[in-house]
Amino acid sequence: MQRILTGSSGSAIKSHNLRAVLFSLLRQEAVSRAQLAQLTQLSSTTITNLITELLDQGIVAEDTDSAATQPVQRAVGRPQTALRLVAASRTAVGVHFDVDHINVAVTDLFGKPLAACSAPHPADRAPQPALAETVRLVRQAISESGVDTRLIVGVGVGASGLVDAERGVNVIAPNLGWRDVPLRDWLTAELGLPVCIENNVRTMALAEVMFGAGRGVNALAFVYARVGVGAGFVVNGEIYRGSAEGAGEIGHTTIIPNGGIRCRCGNTGCLETLVSEPALLRAAHELAEAQPRSLLAEHLRTGQGLESVFQAARAGDEPTRAMLQTRAQYMGIALANLVNILNPELIVMGGLFRQGRDLLLPTVEATIRARAFARLGERVGLQTASFDGRAGVIGAATLALNTFFYQQTAEAG
Ligand SMILES: [Zn+2]
């Protein structure tokens with residue numbers, strides 16, 4: 001079974017060269033051998049040998065038509081032929097353990113879903129039945145996608161809470177009540193495919209850098225707010241985890257020093273108690289109780305949760321708009337602090353900040369620009385997430401693509 005191009009037979013130098021070539025192909029879309037040599041600083045002989053191998057494996061194709069070579073000509077020199085990655089030559093599976101659903105997708109080499117399926121995931125379910133359901137969903141997605149199992153590079157899993165990526169263990173998943181669940185080993189045994197796991201917000205950050213708004217960005221922060229508020233960092237193409245997998249717990253930044261609502265972490269006044277979905281809904285219900293005949297109260301009765309709060313604000317309910325402004329300002333303060341510490345080139349915001357971007361982002365941005373040190377706040381880019389509803393599965397599949405194909409940091413079966 002040939003699952004990967006070089007596998008264990010490749011030397012460390014060859015793997016390094018291959019990584020450089022694959023990443024150049026991913027970034028450039030269409031490129032000549034001479035340009036690849038220039039971009040990777042490898043000799044033309046090395047490039048020719050690697051490309052021959054990749055052509056043989058069907059991973060790279062050679063186009064000679066002028067339309068395909070035009071973008072390359074503009075970039076550097078005049079190529080005779082243009083090389084490009086064949087999107088469906090290898091595929092990956094992404095598994096996302098969301099708050100209430102297990103989502104699975106099979107994607108091509110660019111993280112584009114070819115098939116997807118999901119199933120409800122009750123919060124109090126034990127790990128074993130959830131894992132059995134996951135295996136069923138993975139098999140279903142593979143079957144629906146029609147891809148050749150031998151060409152699947154691996155399975156990436158985006159789990160919630162604390163993840164020990166090295167050991168493949170979901171250490172704590174607070175929303176599910178899971179502790180020390182060996183996700184990787186269970187799934188590897190059941191599926192017979194290489195599996196890697198990571199915290200789901202980190203996988204989304206990686207997807208932005210490889211396939212989304214953050215392509216080519218050297219320091220990216222991805223912030224996701226929904227039930228909780230978390231961040232993932234990708235620095236020089238690598239996920240930054242910190243010393244104990246704890247990097248990115250931005251939701252537990254103290255915003256209100258005294259008093260404030262108790263957070264699930266045990267502290268009080270955390271950002272998460274102010275800008276998460278439950279926090280915004282709580283604030284909206286308090287406003288509606290005080291003004292039962294307001295636009296907001298009317299919208300909340302439609303039962304569409306946070307969307308009804310955003311709709312009331314868009315319809316001009318002033319107290320709701322003011323509440324959202326204050327909450328966006330808190331988020332902006334936390335991000336200004338983040339800018340001062342990490343100095344990211346780009347911050348990408350997902351979850352409810354994407355859903356309510358028209359209402360929240362201008363204030364978030366103004367706060368970052370005003371409060372971050374010197375010109376750091378003016379320089380940082382701010383964007384909404386590229387994949388939204390599918391960010392979790394695309395992120396998880398990206399993790400597998402990065403681990404088992406582009407970087408080949410883990411040995412594939
Ligand atoms: Zn907290």
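Colleague: How many bridges join strand β3 to strand β6, and do they run parallel or antiparallel?
Modeller: Six bridges join β3 (residues 91-97) to β6 (residues 152-159), and the two strands run parallel. Helices (H or I, at least four residues) and strands (E, at least two) are DSSP runs, numbered from the N terminus. Two strands pair if DSSP finds at least two bridges between them. Before we go on, this is a predicted model, where local features need pLDDT of at least 70, side-chain atom pairs count only at pLDDT 80 or more, and totals for chains, interfaces and linings use all residues. Residues are numbered from 1 along each chain as its sequence is written.

Colleague: Which residue in β6 is the bridge partner of His 96?
Modeller: Gly 158 is the partner of His 96.

Colleague: What is the strand order of the open sheet of five strands?
Modeller: The order is β5-β4-β3-β6-β10, and the pairing is mixed. At the edges are β5 (113-120) and β10 (195-199), each of which pairs on one side only. On average, neighbouring strands of this sheet are turned by 15° against each other, direction ignored.

Colleague: Which strands does helix α7 lie across?
Modeller: Helix α7 (residues 200-211) lies across β3, β6 and β10, at about 100° to β10. Helix α6 (residues 183-191) lies across β6 and β10, and runs at about 150° to β10. Axes here are lines fitted to C-alpha atoms, for helices over the stretch in contact, and angles run from 0 to 180 degrees between N-to-C directions. Two residues are in contact if their C-beta atoms, placed from the backbone, lie within 7 Å.

Colleague: What is Ile 102 in contact with?
Modeller: Leaving aside neighbours within four places in sequence, its contacts include Phe 97, Ser 118, Ala 130 and Leu 137. Ile 102 and Gly 392 are 290 residues apart in sequence, but their C-alpha atoms are 9.9 Å apart in space.

Colleague: And why does Val 171 count as partly exposed?
Modeller: Val 171 counts as partly exposed because it has 16 other C-beta atoms within 10 Å. Val 171 is in strand β8 (residues 169-173). Beyond four places in sequence, Val 171 is in contact with Leu 162, Val 163, Asp 164 and Asp 180.

Colleague: New topic. How many helices and strands are in the protein chain?
Modeller: There are 16 helices and 15 strands. One of the helices, α12 (residues 318-342), has 25 residues and reaches 35 Å from its first C-alpha to its last, close to the expected 36 Å. That expected span is 1.5 Å times one less than the number of residues. Asn 343 follows α12, with a positive phi near 50°.

Colleague: What pLDDT does the chain average?
Modeller: The average is 91, and 92% of the residues score at least 70. pLDDT is the predictor's confidence in each residue, from 0 to 100.

Colleague: Which element has the lowest mean pLDDT?
Modeller: Helix α4 (residues 66-75) has the lowest, at 49, while helix α8 (residues 272-275) has the highest, at 98. Where pLDDT is low, the predicted coordinates should not be read in detail.

Terms used. A residue is buried if 20 or more other C-beta atoms lie within 10 Å of its own, exposed if 12 or fewer, and partly exposed in between; C-beta atoms are placed from the backbone.
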